[in-house]
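Subject: Handing over a structure, with notes

Dear colleague,

I am passing on the structure below, and I would be grateful if you could read these notes with the sequence and the coordinates open beside them.

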Amino acid sequence: MSATVRIEGLHKQFKDLKVLQGIDLVVHAGTVVCIIGPSGSGKSTMLRCVNRLEEPTAGRIFVGDVEITAVTSDRELDEHRKRVGMVFQQFNLFPHLTAIRNVMVGPRKALNLPEDEAHERARSLLGRVGLADKADEYPGNLSGGQQQRVAIARALAVGPEVMLFDEVTSALDPELVGEVLGVMKDLARGGMTMMVVTHEMGFAREVADRIVFMDEGVIVESGPPEQVLTTPEHVRTKEFLARVL
């Protein structure tokens, strides 16, 4: 089952730097929200707060009916992170493990699945991302696009209800971007709740149910792709899109 993400009054401050300044956002279960905006606008920090990789300065975040900003114990936080998968710009694979062993880490460590069951789940997920034939390859023998697809399979392996993608194609050569976006499109068609920080405007237009434009730590504009990308209302959105489209 997919879960709704609800963010209320989210602030994040690093010493004197105010990165997020009162974010309110609802991502409905089974929908895709693409978050766009200039570097330094707070997009990635917002995602990291949803997964509690960054601690909010103020505000509340709910995943389903659980307020994850109220979670205090490490055990409860581990349970939360099973529900929210995250894929980063850098692949962060374990170089000493094969592709299938990388994907098995979560099922074995977080879910305590038996070896054979974890192996079967990992093999199935590698097939889902088009890498069944690369199961026994080490990351160093895979292209960037293949490594990122392994990273997606690894994030899916614990059965998350929400997936967070933080500029997952920005480190890839242009010809490899499409294979990763293709996997993300398949997830969207399958009804996965997704929050996607991206510079891929074509992907956002095609896949997003809603686009959120952020600047200087606030949501400036939000709406359906056609509205935000074609007929934006805010002058700051217009200026940004004029540079990237």
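Helix α4 covers residues 115-128 and helix α5 residues 144-156, and the two pack at an angle of about 135 degrees with their axes 9 Å apart. Here axes are lines fitted to C-alpha atoms, for helices over the stretch in contact, and angles run from 0 to 180 degrees between N-to-C directions. Helices (H or I, at least four residues) and strands (E, at least two) are DSSP runs, numbered from the N terminus.

Before going further, please note that this is a predicted model, in which local features need pLDDT of at least 70 and side-chain atom pairs count only at pLDDT 80 or more, while totals for chains, interfaces and linings use all residues. Residues are numbered from 1 along each chain as its sequence is written, and side-chain values use heavy atoms, with hydrogens and water left out.

Where the two helices meet, L125, L126 and R128 in α4 are in contact with V150, A153 and L156 in α5, contact meaning heavy atoms within 4.5 Å. By class, this contact has five nonpolar, no polar and one charged residues; Ala, Val, Leu, Ile, Met, Phe, Trp, Tyr, Cys and Pro count as nonpolar, Asp, Glu, Lys and Arg as charged, and the others, Gly among them, as polar.

Turning to the strands, four of them form an open sheet in the order β2-β1-β4-β5, with antiparallel pairing, where two strands pair if DSSP finds at least two bridges between them. The edge strands are β2 (17-27) and β5, each of which pairs on one side only. Strands β1 and β2 are joined over eight bridges, and Q13 stands opposite K18 in β2. Five bridges join β1 (residues 5-14) to β4 (residues 58-63), with V5 standing opposite V63 in β4. Two bridges then join β4 to β5 (residues 66-67), and F62 stands opposite E67 in β5. The hairpin of β4 and β5 has two residues between the strands, and in this hairpin G64 takes a positive phi near 65 degrees.

Helix α1 (residues 43-50) packs on the sheet and touches β1, β2 and β4, its direction making about 115 degrees with that of β1. This helix is mostly covered, since six of its eight residues are buried (buried means under 20% relative accessible area, exposed over 50%, partly exposed in between, with a 1.4 Å probe and protein chains only). The buried residues are K43, T45, M46, L47, C49 and V50. Just after α1, R52 takes a positive phi of about 60 degrees.

D24, in strand β2, counts as exposed at 52% relative accessibility; leaving aside its neighbours within four places in sequence, D24 is in contact with I7, E8, G9 and I219. R210, in strand β9 (residues 210-215), counts as partly exposed at 23% relative accessibility, and its contacts, with neighbours within four places in sequence again left aside, include L25, V33 and P225.

With best wishes
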